[in-house]
Amino acid sequence: MRVIIADSPEAVARMGAEQCIRLLQDKPAAVLGLATGSTPIALYAHLIQRRQQGEVSFRQVRTFNLDEYIGIAPQHPQSYRSFMQKQLFDHIDILPENTHIPSGMGDPVAESRAYEDKIRSAGGIDLQILGLGRNGHIGFNEPTSSLSSRTRAKTLTQETIRDNSRFFSADEEQPHLAITMGIGTILDARKVMLLAAGAAKADAVKAMVEGPVSAMHPASALQMHPSALVIVDTEAASKLELIDYYRWVQSETLRVQGAYL
Ligand code: F6R
């Protein structure tokens, strides 16, 4: 696992976007795994800007989102489909039929199986973008999720429901269930890149990077991935025991390669 410590949330987003753009320049028909939530919004804004500047194209790109609420239709303003349209897809040259988000409306068992098949038929995910829940979730794989789980329905924890209540108005019913790629599905991606910013994520970042691999902290499973990149800001990195070592690796990489990544 490589840990990059960026000076600010903005730098986290910029570096994350740079990784995506490099991949798309090498492989224009790449398969991207995407996340929702607050963290990737600034990364998506960078991708939109770089598309508008003509530096990157999404014409051949296929995408698979991590998750969707169960019982929320795609056109619902709080659906992850609406989120992705608004934050990214409506502003880039991606073909609508190449964007995939699990459906929260059908039979979750059949939908989960079909989603796994679609990922497999696309040749697997080249780069999976992840955010990090305060409780260590990735996707909606809450604590105690099997570390080899596949796409399936999950019940959200009360903590996650509370954390996400900011996206719903008081009179809206907030879903308690979601369909999510499993941890095994995420670990199958050829590369994974997790972004986290802010002091509220510091404990979760420490457990992910330096804690034992445990279903109690699903993101710790990324320690088993051969190509996992974690980009965090100084606040999210503040509880890491080996912070000086990660910074040292960063400066050595800069010295040898001329760039952090
Ligand atoms: C989003 C997702 C979640 C979020 C996580 C962090 O598709 O699967 O795991 O990445 O809850 O959310 P934010 O970025 O809002 O702190």
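Keep in mind that the model is predicted.

Let's start at helix H2, which covers residues 41-52. Its twelve residues reach 17 Å from the first C-alpha to the last, close to the 16 Å expected. Six side chains to look for here are Leu43, Tyr44, His46, Leu47, Ile48 and Arg50, which are buried. What covers the buried residues of H2 includes helices H1 (9-26) and H3 (80-87), along with strands E2 (31-34), E6 (127-130) and E9 (191-196). Just past the end of H2, Gly54 takes a positive phi of about 75 degrees.

In soluble globular proteins, nonpolar side chains tend to be buried together. Now click on Met193: beyond its sequence neighbours, its contacts include Leu43, Gly16, Cys20, Ile129 and Ile231.

On to the pockets. The largest holds about 580 Å³ of space, and Gly37, Ser38, Thr39, Leu132 and Lys201 lie nearest its centre. Helix H5 (158-164) supplies the largest share of the lining, four residues. By class, that lining has 15 nonpolar, eleven polar and six charged residues.

The second largest pocket has a volume of about 340 Å³. Closest to its centre are Gln19, Leu127, Lys191, Ser227 and Leu229. Here H1 gives the most to the lining, with four residues.

Terms used
Residues are numbered from 1 along each chain as its sequence is written. This is a predicted model: local features need pLDDT of at least 70, side-chain atom pairs count only at pLDDT 80 or more; totals for chains, interfaces and linings use all residues. Side-chain values use heavy atoms; hydrogens and water are left out. Helices (H or I, at least four residues) and strands (E, at least two) are DSSP runs, numbered from the N terminus. The expected span of a helix is 1.5 Å times one less than its number of residues. Buried means under 20% relative accessible area, exposed over 50%, partly exposed in between (1.4 Å probe, protein chains only). Contact means heavy atoms within 4.5 Å. On a 1 Å grid over the protein atoms alone, a cavity is a set of points where a 1.4 Å probe fits but cannot get out, and a pocket is an open set with protein on both sides within 12 Å along at least five of seven lines; lining residues have an atom within 4 Å of a point. Grid points are joined across faces, edges and corners, and a volume is the space filled by probe spheres set on the points. Ala, Val, Leu, Ile, Met, Phe, Trp, Tyr, Cys and Pro count as nonpolar, Asp, Glu, Lys and Arg as charged, and the others, Gly among them, as polar. Lists of a residue's contacts leave out its neighbours within four places in sequence.
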